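Subject: Structure for you to look at

Hello,

Here is the structure I promised to pass on. Please open it next to this note and follow along.

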Amino acid sequence: MMPTPPSPAAQPTGPTGNAWVPIPFTVVRRRREIPGTVTLWLAPPEGYPFAFRPGQFNMLYVFGVKEVPISISGDPGTPVPVAHTIRQVGMATQALVNLKPGDVVGVRGPFGSAWPLEHARGHDVVIVAGGIGLAPLRPAIYSLLRHRPQYGNVVLLYGARSPRELLYARELERWRGRFDMEVLVTVDRGDRTWHGHVGVVTTLFPQADVFFSPQNTIAFICGPEIMMRFTVRELLDRGVPPERIFVSLERNMHCGQGLCGHCQYGPFFICKDGPVFPYQKLATLFGIREI
Amino acid sequence: MSAETVADLVTRLEQHPFTQGFPTSALDKLTQAATLQTFQPGTFLLREGRDADHFYLLLQGQAAIELYLPERGVIRLQTVGPGDVVGWSWLLPPYRAAFDVTVINTVQAITFDAARLRRLLDDDPTLAAHFLRRLVAVIAQRVHATRLQLIDMYAVKGGRP
Ligand SMILES: Cc1cc2nc3c(=O)[nH]c(=O)nc-3n(C[C@H](O)[C@H](O)[C@H](O)COP(=O)(O)OP(=O)(O)OC[C@H]3O[C@@H](n4cnc5c(N)ncnc54)[C@H](O)[C@@H]3O)c2cc1C
Ligand code: FES
C-alpha cells in the first residue's frame, strides 16, 4: 500500500518555518539518570518560541555525527529548556549522552502525534511503560496531574530490567506518595535489597485491576514492542476497548516529516502518522514479522 | 478442626481466585488438608532441593521465588502476593522444591499438607479435575511471564547496555 502523503498538521512550529534547518540549542543542564542514560535540558536561542504536545519528539543533531529522533521528556507546562532523556545505544546517542552544559545541539521539531489527553477526559487512565519508554510518557503524566480533576483514576504500571535501571526513581516515589495516583513498579530481576514486585510488567495487572474500570479506561503504552504487544493483550482481555488503547512506536528516521520513507511501517510513516497510534490502526500489523 | 474453623476456611477458599467457583462439597473436602497460617518475613515457604510438602494459597503479604547462585548471590525471580499460589513440585515425584520461596512481608496463607492433598485428589476425580485445571492455568501464566523475562526485552538490540 502507498504511504499517506505528508500532512501540514505534522509540520513543526518555529520562527523560521523551515523544518529542515536544525536550530542551535544549548545544553544548560545534564543529569545522569541510570547507567548509560542521561537527561539533557536544551535552551533555544533567545526569543525562539518552543512548545510541544506530550508524546512528540525532536530530531537532535550532534554536529558531525548524525541526527536521531528523541522524545521530549519534560513538562509541557514549562516547555523550555526542552528535556530529553537519552539512552546510549550507538554512535549518535553516545555523542548526545556525552554532551556537557555549554555544548550546542541542532534541534528540529517538535514532530509527530501526541498522546490523546483530550480524549482521556472523564476516563480512567492506565499508563504502561517499560524501560526508557517512561520518557515519552512523562510529559503526559505531568499534564494529567496538572489537570487532575478532569480525569478518573490514574494508574501507572512501570517495568524495568532491574532496580538500578528504574528511570526517574525519585519521581516515581513522589508520584506513589500521592493520593490521586496509583503507581505500581516491577523489575524483571531483583536481589535481596529489592522489596518491590519482581516479574514482567504484565504481571502487575492482577494488582492493578481494582484501580480502573476497563470499559471506561483509556490506555497509553510505551516500551519495547514485545512488551507493548503483551500489554495490549492484557488490556483487551480485561475489556478495554481497542480504540482507546494507544501505543508509541519507534523506527529509524531521517527526515522526520513523512517525506523520505525511512520510518515506514505498513501503510504508515511513524514520524508523521505516529509515533503515537491508536492500537486499532495497527491491530493487523502489530506482531507481524518483517513489517 | 472445629466447625467454626472449617466454615472460616471454606469462606476464605470461596474468595481465593484459585478455588473460587469450586463446588462447596469440593471446598469442604479441601479443608481436610488445609490450615490457616502466618509466616514472618525472612522465613521460607519452600527451600530448594528439600521436600515440597506444602502447597500455599496466599491471602495476604508478599513472598519471593528465589534462586541462590554462588557467584551472584540471591536472585529474586518473581514475587507473589494475595491471590497467588505457591508450589507445584508437591504434585509430582520426587516431590522436591525447585526454588526457595522467601517471605518478604508477613504472609497469611492457607497451607495444604501435600501428602493429604494428593490423597484427596486421588480419591476424588471430580475434585482433581477442578484443582488441576486451575493449577495448569497458573503454571501456564507463569511460563508465559517467564518467557517474556527470558527475552530480556529491555536490553539494547545487539548487546547489553
Ligand atoms: C519517535 C522516536 C522517539 C525516540 N525517543 C527516544 C528517547 O526519548 N530516548 C532515547 O534514548 N531513544 C529514543 N529513540 C531511539 C533513538 O532514536 C535511537 O536509539 C537512536 O536513533 C540510535 O542511534 P545511534 O546512532 O545511537 O545508534 P545506532 O548506531 O543507530 O544503533 C546502535 C545499536 O542500537 C540498536 N538500537 C537502535 N535504536 C534502538 C532502540 N530504539 N532501542 C533499542 N536498541 C536500538 C541498533 O539496532 C544497533 O544495534 C526514539 C526513536 C524514535 C523513532
Ligand atoms: S523519517 Fe519518516 S518519512 Fe522520513
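Start with Pro110 of chain A, which lies in strand β6 (residues 104–111) of that chain. The bond that joins Gly109(A) and Pro110(A) is a cis peptide bond, with omega about 5°.

Before going on, some ground rules. This is a predicted model, where local features need pLDDT of at least 70, side-chain atom pairs count only at pLDDT 80 or more, and totals for chains, interfaces and linings use all residues. Residues are numbered from 1 along each chain as its sequence is written, chains are lettered from A and ligands numbered from 1 in the order in which they are written, and side-chain values use heavy atoms, with hydrogens and water left out. Helices (H or I, at least four residues) and strands (E, at least two) are DSSP runs, numbered from the N terminus.

Pro275(A) sits in the loop between α7 (270–273) and β15 (276–278) of chain A. Most residues other than glycine have a negative phi, and most peptide bonds are trans.

Now look at two tyrosines. Tyr168(A) is not a glycine, yet its phi is positive, about 50°. Its place is the loop between β8 (154–160) and α4 (169–176) of chain A. Tyr95(B) also is not a glycine, and its phi is positive at about 55°. Tyr95(B) is found in the loop between β5 (85–86) and β6 of chain B.

Are these tyrosines buried or exposed? Tyr168(A) counts as buried, at 4% relative accessibility. Tyr95(B) counts as partly exposed, at 27%. The cut-offs: buried is under 20% relative accessible area, exposed is over 50%, and partly exposed is in between (1.4 Å probe, protein chains only).

**Helix α6 of chain A**

This helix covers residues 225–238, which is 14 residues. From first C-alpha to last it reaches 20 Å, close to the 20 Å expected at 1.5 Å a residue. The expected span is 1.5 Å times one less than the number of residues. Ile226(A), Met227(A), Met228(A), Phe230(A), Thr231(A), Val232(A) and Leu235(A) are buried in α6(A).

What do the buried residues of α6(A) pack against? In chain A, the partners are β7 (124–130), α5 (205–208), β11 (217–222), β12 (245–248) and α8 (279–282). Contact means heavy atoms within 4.5 Å. After α6(A) comes Gly239(A), with a positive phi near 100°.

**Chain B**

Chain B has four helices and six strands. From the N terminus on, the order is α-α-β-β-β-β-β-β-α-α. Its C-alpha trace spans about 60 × 30 × 30 Å along its principal axes. Of its 161 residues, 43% count as buried. Take the contacts in chain B with a separation of 6 or more: residues 24 or more positions apart account for 75% of them.

Gln108(B) is buried, with a relative accessible area of 16%. Leaving out residues up to four places away in sequence, Gln108(B) touches Arg12(B), Leu36(B), Gln37(B), Thr38(B), Leu57(B), Leu58(B), Leu59(B) and Gln60(B).

Best wishes
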